[in-house]
Amino acid sequence: MTWSTVALLLVVVTAVLLRWRRPAWYWMTFGVTFAALRVAFRYASVMDACGLTVPPSRWRLSLARMTNRPAPESQAPRILRMRPTRTGLVLRLKLRPGQDAFDVAAATDRLRHSFAMYGVTSRELRSGVVELRMTGYDVLERVQMPTKVDSAPMRVPVALREDGAVHYRDYRAVPHGLTLGATESGKSVYQRNLVAGLAGQDVALVGIDCKQGVELFPLARRFSALADNPDTALELLEALVAHMEDVYQLIRAEQRITVNVPDAEIAADIWDLPDDIRPTPVVVLVDEVAELALFATKDEEKRRDRIITALVRLAQLGRAAGIYLEICGQRFGSELGKGITMLRAQLTGRTAHRVNDETSANMAFGDISPDAVLAAIQISTDTPGVAVAGDSTGGWARIRAPHTSLRQAVNICNRNADRTPDLPELAAFRPAVAPLASAALSLSKAAPATA
Ligand SMILES: Nc1ncnc2c1ncn2[C@@H]1O[C@H](COP(=O)(O)OP(=O)(O)OP(=O)(O)O)[C@@H](O)[C@H]1O
Ligand SMILES: [Mg+2]
């Protein structure tokens, strides 16, 4: 055996091993080149086989006839750009006359097999231009977020989509969100990722965790207010409504609409105010929302009504005052009583983890997209964290958040503890720090808290 044979054998073994154990590394070392070559050489025949070609135009046929050449072949969409990415290939196609984006969308599964890719999705960028996003491996199996993500205020890269793109939770575009899922489906880990993403931003975090605070209290150093039972939650929500009213007073005081104030300077929400007086935006995270809506006695019923009223008011009016709701629960339907469907209608950003029945999926997507309902039911029990994320435009995608452990989230929150703003109205709900330090330390002695 010569040295070159040994070297070749080593390369092949490495490639096979990588493909088996580390598909992401395999893609970046070998896979991307093979896939690009496969697409470049087989493009015309695959498009033909997938029914994505059009017959030659009349003028090309006449030209061939006049010049005595053989009849031209059918034409596939023109490739405008082929871009390799960390997880796959992105093709931008210019459609031929007579084709539409739906033709390409309907053929994505055939394209996936023909190009030997793991997944193919398509979307129309503008009239006649379609983007095909192909992934080389199952990016949701072991989620690795890219190191470079777009950062903007109130926009958190929270998960990876199945087409390899980053899924952002953008509070300014979609102020309020609802996350549903059966028990052990990954809701709290998703919420933990949101907290970790928001921790480094100028935002006040407010938490209501009726599971006795097990999920949010370890992160208390970055929280301006926390509640771990329905009674405290009611007081906290009413304090938030009072805070919201104060913010509106401030905005009104700053409006000063006169003829010489330019249109762009008239404030209608906190983001129009000058930086130095802008109130800190607040994200309210509620875990296990059903705990707030259940009651056994008359007194608890009164408390429940007040809680739901406060939540509905925050959902209806909070956005301009910079108050955003992020609600998590196992179910969130009319069986939780009056006001729930009204509140749900205000929660535009929907995310459904694995659900056990169609009714639960309908609570998230019934009024948005029937396909998304089906996709949410199909999530299997052995992939916790996989979810379907939709928006009010009817679009949806399968996503999975990285598996951020409680330890990692605690460290991020402790590192950013000095960013925790003090909101005077919520001062009474500021969690005590001393018990937190011991709770955080006891999580792991090996990696003590930094703050
Ligand atoms: N994105 C993820 N990637 C990998 N594993 C995950 C992910 N999300 C959750 N898990 C696993 O699933 C388990 C349950 O997750 P989590 O506590 O978030 O579920 P949950 O929906 O909040 O459950 P419950 O309703 O009981 O509170 C976690 O301990 C973790 O092991
Ligand atoms: Mg949970």
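This is a predicted model: local features need pLDDT of at least 70, side-chain atom pairs count only at pLDDT 80 or more; totals for chains, interfaces and linings use all residues.
**Entry 1: the ligand**

Residues are numbered from 1 along each chain as its sequence is written, and chains are lettered from A and ligands numbered from 1 in the order in which they are written.

**Entry 2: the whole chain**

For the overall picture I recorded 14 helices and 14 strands, with C-alpha atoms that fill a box of roughly 90 × 70 × 45 Å along the principal axes. Of the 451 residues, 39% count as buried; a residue is buried if 20 or more other C-beta atoms lie within 10 Å of its own, exposed if 12 or fewer, and partly exposed in between, with C-beta atoms placed from the backbone. The domain assignment gives domain 1 (3–135) and domain 2 (155–443), the bounds coming from an automatic or database domain assignment, and the C-alpha centres of domain 1 and domain 2 lie 41 Å apart.

**Entry 3: the sheet of four strands**

I followed an open sheet of four strands in the order β1-β2-β4-β3, with antiparallel pairing; two strands pair if DSSP finds at least two bridges between them. Its edge strands are β1 and β3 (119–126), each of which pairs on one side only. The twist averages 20° from one strand to the next; axes are lines fitted to C-alpha atoms, for helices over the stretch in contact, and angles run from 0 to 180 degrees between N-to-C directions. Helix α2 (residues 23–49) packs on this sheet and touches β1 and β2, its direction making about 175° with that of β1; two residues are in contact if their C-beta atoms, placed from the backbone, lie within 7 Å.

Going through the pairs, I saw that β1 (residues 78–84) and β2 (residues 88–94) pair in the antiparallel sense over six bridges, that a hairpin of three residues joins β1 to β2, and that Arg-81 has Arg-92 in β2 as its bridge partner. Seven bridges join β3 to β4 (residues 129–135), and there Thr-121 stands opposite Arg-133 in β4.

**Entry 4: the sheet of 10 strands**

The other open sheet I traced has 10 strands in the order β6-β5-β14-β13-β12-β7-β11-β10-β8-β9, with mixed pairing. The edge strands here are β6 (166–170) and β9 (223–227), each pairing on one side only. β8 (residues 204–209) and β9 pair in the parallel sense over four bridges, with Leu-226 in β9 as the bridge partner of Gly-207. Helix α6 (residues 187–199) lies across several strands, among them β5 (155–161), β6 and β7 (177–180), and runs at about 140° to β5.

**Entry 5: single residues**

Is Arg-222 buried or exposed? I found Arg-222 in the loop between β8 and β9, and Arg-222 is buried because 28 other C-beta atoms lie within 10 Å. Leaving aside neighbours within four places in sequence, Arg-222 is in contact with Ala-199, Leu-205, Cys-413, Asn-416, Ala-417 and Thr-420.

I also checked helix α3 (residues 58–66), where the number buried among its nine residues is zero, so α3 lies largely in the open. In the loop between α3 and β1 I found Asn-68, which has a positive phi of about 60° although it is not a glycine. Most residues other than glycine have a negative phi. Asn-68 is exposed, with 6 other C-beta atoms within 10 Å. Met-154, in the loop between β4 and β5, has a positive phi of about 65°, and with 19 C-beta neighbours inside 10 Å Met-154 counts as partly exposed.

Conventions. Helices (H or I, at least four residues) and strands (E, at least two) are DSSP runs, numbered from the N terminus.
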